Amino acid sequence: LQGIFVLGLPYALLHSGYCGLFLIILAAALCCYTGKILIACLYEENEDGQLIRVRDTYEDIANACCKKLFPKLGGIVVNVTQMMELIMTCILYLVVSGNLLSHSFPSVPLTEKTWSVIAFVTLLPCVFIKTLKIVSKLSQLCSLVHFIIILVVMTYCLTQIHQWSWAKFRLSIEFEDFLVSVGVIIFSYTSQIFLPTLEGNMKNPGEFRCMLNWTHFFACVLKSAFALSAFLTWGEETKEVITDNLPSFLQTAVNLCLLTKALLSYPLPFFAATEIAFACISRGNHPRYRSPLSALSVRGSLLLLTLLMAMFVPHFALLMGLTGSVTGAAMTFLLPSLFHLKLKWKKLAFSEKCADISVFILGFLCSLAGIVCSIKGLLEVFG
């Protein structure tokens, strides 16, 4: 929840003003809610009224919703959507790594793509990751690096507190700029793709809802404090990635920390993508323990695919925005609310039905707005 998107939040406040602060809180509440209802779809009550986990993945939930008309269609749509978002996320980390390396060592005569290849070499051990336990250790280190970055930026901002002024906040906003801010804020909270796997691997799954409440609460507090302090420090000069505003003596050190964070972030979406690939290939019977060579080849192919796309796909940032608008909104808002309504309709209270329908409509509007903005940007580039 505290990913690289956080670095764009001050820029989002620049274009959304007071509404941006409200959006940071609202997005936390909505994403926490959709996470809970998604996990609720994994469970059904038995004859004794006890909740039993009868599904394991997002795909299982989709298939359960579509089983009367198209038994496998729901799972195929969800798997394709998940794979697109996960692979795009992995590619983004490679692109970001190349960009950070080129800015950290400007005197070295290498292109960003060459730096991306160097970053890719450090990620080759990912082909040997078999369990979420290893990923969790790397994610723990990633979180530590992230907090160091946040601490450095906020400490610098606090040294400039004498310059802060609430007059820097906008009261009027431009619609298109506001839509960009909405995308950055909402998608900085997205984690639904990982939740079924995460909940299934918890020692005490009963604590999942409590964990989700606390993580989203703390994420909201940290995002708000970080975005607010950074924006009040730089105001109209706030850049898209806030670390670019730092003085040069801090910028290189922070960029190297960001590079470390990007590389440590890569294994989680990569592991999730390989799990989906294994499930599709084996139809639920994971072959990785029976055929190590087969497992290595699948992981190696996915790893190489992310490098090739990072190297050769033009205007990746705009394509990422378009893909994120479709897949991100679908996986975070549209599908969880739709599946919850379909599977739990008879047991839901009227207020819960209204909440699910409202989330679905909001997700549809966010997705539509993001698609329009991304297509407009692509047309301007290719025009």
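The side chains of arginine 55 and glutamate 44 form a salt bridge with an N to O distance of 3.0 Å; the term covers a side-chain nitrogen of Lys or Arg within 4 Å of a carboxyl oxygen of Asp or Glu. This pair links distant parts of the chain, with arginine 55 in the loop between β2 (51–53) and α2 (58–66) and glutamate 44 in strand β1 (residues 43–45), 11 residues apart. Helices (H or I, at least four residues) and strands (E, at least two) are DSSP runs numbered from the N terminus.

The model is predicted: local features need pLDDT of at least 70 and side-chain atom pairs pLDDT 80 or more, while totals for chains, interfaces and linings use all residues. Residues are numbered from 1 along each chain as its sequence is written, and side-chain values use heavy atoms, with hydrogens and water left out.

**Salt bridges**

The structure holds 4 salt bridges, including the three in the table.

| Pair | N to O distance |
|---|---|
| Arginine 55 and glutamate 44 | 3.0 Å |
| Lysine 344 and glutamate 44 | 3.9 Å |
| Aspartate 56 and arginine 53 | 3.0 Å |

Salt bridges that share partners join Glu44, Arg55 and Lys344 into one network. Arginine 55 has a relative accessible area of 11% and is therefore buried; buried means under 20%, exposed over 50%, and partly exposed in between (1.4 Å probe, protein chains only). Lysine 344 is also buried, at 11% relative accessibility. In the other pair, aspartate 56 is partly exposed at 48%, and arginine 53 is partly exposed at 25%.

**Contacts across the sequence**

Lysine 342 lies in helix α12 (residues 316–344) and is partly exposed, at 49% relative accessibility. Its C-alpha atom is 9.5 Å from that of cysteine 41, 301 residues apart along the chain. Phenylalanine 5, in the segment before α1 (9–40), is partly exposed at 42%.

**Helix packing and surface**

Helix α3 (residues 73–104) and helix α9 (residues 248–265) have axes that come within 9 Å and cross at roughly 160°. Axes are lines fitted to C-alpha atoms, for helices over the stretch in contact, and angles run from 0 to 180 degrees between N-to-C directions. The crossing angle makes α3 roughly antiparallel to α9, a label for angles over 145 degrees.

Ile357, Ile361, Phe364, Leu365, Leu368 and Val372 make a nonpolar surface patch of about 550 Å². Such patches take residues with over 30% relative accessible area and no salt bridge, with nonpolar side chains joined within 5 Å and like charges within 9 Å. Leucine 368 sits in helix α13 (residues 350–382) and is partly exposed at 44%.

Terms used:
Areas by Shrake-Rupley, 256 points an atom, 1.4 Å probe, with all protein chains shown as cover. Parallel < 35°, antiparallel > 145°, perpendicular 65-115°, else oblique.
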